[in-house]
Amino acid sequence: MEDLDFDEMLTSTEIKEEAKKEERTSNSNNKDKEVRLYTDTNIMPKDITKLKFKNTTTKTFTVYDNGKIPDDKLELLKKVANGLFSKGYIYRSPDDSRSKTDEAIRAIEGARVKLFKLFPKANGNDQGYQVESKETTRLAYEIACGVKKNFVELKDIIRCFYARTVQTLLGKDCDDPSNILIIYTPEGTTTFSKAFKVENAGNVIFPMQIAIKSNIPICNLGSDKFLEDLKTILTATGSTGTMEPEVKKEEPKQEVQEEPKKEEYLTSDMEDIW
């Protein structure tokens, strides 16, 4: 499976400039015979299932979408994020000014945010939020290499994106998984089932792979059962940031008399979660 939008990101003037700066720094360092992580292709894959995660009471969530989230789903996400903030959750932000979801969540009044940067000089809009990680780590690269096929063959900036994604899901030192991964794809699936459409996935595939291998529960805004699934996750998720697969139960389907209006779905249905 390929994450379809990473190459598209490279058309961004801002990203190109950031990449050029890193390459210039790297070339300068290479003159001193120093191998930098950004350009290093000698990355050994790390088995993500062998990682040891620490116990923590910190509650975090991560969000990735396919780059085409509709306005009604974006509004729903903002309401959910605001509710999570009120419950003490912290949003792990990739500090991506090109992401509508990232910008929308960070713009919420009273948002609790920690930033994960590509590298120290990477441009972003930190808005005064705490920078949890100033740069990607070798361990994050190794984990990405263990999950993403042909990782070492990718462009330097793309490998950096993947490593940063790992940290937003597993924490700065890759030992503290997020409690929840919220995604958006139109078909609403949370697994790579037949219903999952690669062409609609955008940048969601890799975060899903990391989450599934780390037992991070996933909730999809595109699902009709999004709020129901979120409520189940919030109830079942432990303080370690992961949820054992067997904990989640199949709830019996209930007859729906009529489809509620979007406004009702975004407000009244939220009351049941918090």
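**Notebook: aromatic pairs and a helix crossing**

I looked up Tyr38 and Phe119 and found both buried (under 20% relative accessible area with a 1.4 Å probe, protein chains only; exposed is over 50%, partly exposed in between). This is a predicted model, where local features need pLDDT of at least 70 and side-chain atom pairs count only at pLDDT 80 or more, while totals for chains, interfaces and linings use all residues. Residues are numbered from 1 along each chain as its sequence is written, and side-chain values use heavy atoms, with hydrogens and water left out.

Next I went through the rings. I took Phe, Tyr and Trp (its six-membered ring) as paired with centres within 6.5 Å, calling planes under 30 degrees apart stacked, over 60 edge-to-face and the rest tilted. That rule gives seven aromatic pairs. Tyr38 and Phe119 are one of them, edge-to-face at 5.8 Å centre to centre with 90° between the planes. Tyr38 sits in the loop between H2 (13-31) and S1 (60-65) and Phe119 in the loop between S3 (113-116) and S4 (130-133), so the pair ties together parts 81 residues apart in sequence. Helices (H or I, at least four residues) and strands (E, at least two) are DSSP runs, numbered from the N terminus.

I also checked Phe192 and Phe196: the centres are 5.1 Å apart and the planes at 90°, so I logged this pair as edge-to-face. Phe192 is partly exposed at 30% relative accessible area, whereas Phe196 is buried at 7%.

Last, I noted a cluster of Tyr141, Phe151, Tyr162 and Phe206, linked by ring pairs.
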